[in-house]
Amino acid sequence: MGNKLLLQRRSILKAMVGTAGLTLAGTGLPAAGRASSWAESDDLATLIDVDLCNGCGACVAACRFRNLASVPHPVHPIPRPYPAWVRSSDWSDRTDEISRLTPYNWLFIQSCIITVKGVEKRVFLPRRCLHCNNPQCVTLCSTGSMRQSPEGAVYISSSTCLGDGPCDRACPWGIPQRQSGVGPYLNFAPRYVGNGQIFKCDHCRSLLATGQSPACVVACPQGAMRSGPRHDIVKQAKELAEHRGGDIFGLKENGGTNTIYVSSVLFRDIEANMLRQGQVGVGMPSLRPAGASLDKENSLLRAVLLAPAAGAALAGLRMWREKQMRRKP
């Protein structure tokens with residue numbers, strides 16, 4: 001009953017975002033996007049076997065080789081947004097950073113040392129977008145830039161992304177990363193509308209569409225990653241977890257994801273150790289069980305309903321204040 005009600009709420013959210021997006025027609029931007037309709041069994045998912053990952057970084061290198069060149073460098077100087085408390089985000093001088101998620105790095109290896117039955121071992125987890133089955137980032141994107149492919153990959157359309165939407169705040173794990181000074185917002189009122197663009201893993205959606213596996217999966221020399229239809233991936237994860245007396249992450253978290261982890265060590269223990277060892281923070285996602293509650297859905301619905309009016313009011317206020325400042329002697 002709870003899951004059915006949750007899905008109904010999300011359907012309402014999607015419909016309301018579509019209606020709210022019509023307010024952007026005057027700017028030439030499209031109405032808010034809607035996730036494609038597909039049966040969950042058609043989703044293509046990735047299974048990440050934590051016990052097999054040795055942290056070699058081949059997946060990170062493959063991801064960067066495929067995607068790094070597609071992230072543009074910002075104009076200089078980057079337009080300062082108004083008001084002053086709106087912060088820019090610039091990673092263009094740190095494109096070689098691979099110890100966390102950035103606009104230029106969509107996959108990184110998270111690790112911690114954990115004691116299992118008196119023996120210390122290092123656990124490695126390749127971290128990237130989890131590609132939720134019912135992603136709030138898609139539901140709440142006011143320009144329709146955050147989308148979901150028929151294969152279940154959550155991706156961003158760079159032609160319309162303004163970089164100031166709620167997707168990074170809606171994501172339970174803070175996956176989306178912003179780069180200021182790039183994108184279509186530069187072409188109109190860059191101080192008032194937008195703040196760059198959002199970047200993240202797109203699950204190599206163009207490869208999935210042709211029946212191929214993501215680059216990170218193909219590159220893994222340990223066989224720690226595998227991809228396939230979600231129902232097959234779920235079955236494999238359950239069998240591995242049962243055989244090892246282990247744990248699964250992504251099966252139900254946030255309504256279920258298309259990136260599923262399996263480990264012989266409980267993920268709550270991994271999370272606790274990563275927190276103690278400073279491996280969780282901005283750009284370094286947690287493993288908390290982000291269950292989407294009805295309270296959260298209600299707050300998101302209110303945000304969608306209020307967003308168009310609030311956005312228009314804020315833009316007007318910003319321009320009025322700047323006009324007043326120009327008049328001062």
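Tutor: Begin in a loop. H131 is found between β3 and α3 (136–140). Keep in mind that this is a predicted model.

Student: What is phi of H131 near?

Tutor: H131 is a residue other than glycine.

Student: Is H131 buried or exposed?

Tutor: Buried means under 20% relative accessible area. H131 has a relative accessible area of 0%. Therefore H131 is buried.

Student: Which loop holds N254, and is N254 buried or exposed?

Tutor: N254 also needs a look at its backbone: phi is positive, near 55°. The residue lies in the loop between β9 and β10. Its relative accessibility is 0%, so N254 counts as buried.

Student: Which residue takes a positive phi in the hairpin of β2 and β3?

Tutor: Strand β2 (residues 108–116) pairs with strand β3 (residues 119–127) in the antiparallel sense, over nine bridges. One of the bridge pairs joins T115 to E120 in β3. Two residues sit between the strands, and phi is near 55° at K117.

Student: What is omega near for the peptide bond from Y82 to P83?

Tutor: P83 is placed in the loop between α2 and β2. P77 lies in the loop between α2 and β2 as well, and the bond from H76 to P77 is cis, with omega near 0°. The bond from Y82 to P83 is cis too, with omega near 5°.

Student: Which strands stand at the edges of the open sheet?

Tutor: The order is β8-β1-β10-β9, with mixed pairing. An edge strand here has a single partner, so one side of it is left without a neighbour in the sheet. That describes β8 (225–229) and β9 (247–249).

Student: What angle does the direction of helix α7 make with that of β8?

Tutor: Helix α7 (residues 230–244) packs on the sheet. It touches β1 (44–49), β8, β9 and β10. Its direction makes about 135° with that of β8.

Student: Which residues lining the second largest pocket are the closest to its centre?

Tutor: This pocket has a volume of about 320 Å³. Its lining has 10 nonpolar, five polar and four charged residues. Of the 19 lining residues, the closest to the centre are S70, W106, I156, F199 and D202.

How values were computed:
Residues are numbered from 1 along each chain as its sequence is written. This is a predicted model: local features need pLDDT of at least 70, side-chain atom pairs count only at pLDDT 80 or more; totals for chains, interfaces and linings use all residues. Side-chain values use heavy atoms; hydrogens and water are left out. Two strands pair if DSSP finds at least two bridges between them. Helices (H or I, at least four residues) and strands (E, at least two) are DSSP runs, numbered from the N terminus. Contact means heavy atoms within 4.5 Å. Axes are lines fitted to C-alpha atoms, for helices over the stretch in contact, and angles run from 0 to 180 degrees between N-to-C directions. On a 1 Å grid over the protein atoms alone, a cavity is a set of points where a 1.4 Å probe fits but cannot get out, and a pocket is an open set with protein on both sides within 12 Å along at least five of seven lines; lining residues have an atom within 4 Å of a point. Grid points are joined across faces, edges and corners, and a volume is the space filled by probe spheres set on the points. Ala, Val, Leu, Ile, Met, Phe, Trp, Tyr, Cys and Pro count as nonpolar, Asp, Glu, Lys and Arg as charged, and the others, Gly among them, as polar. Buried means under 20% relative accessible area, exposed over 50%, partly exposed in between (1.4 Å probe, protein chains only).
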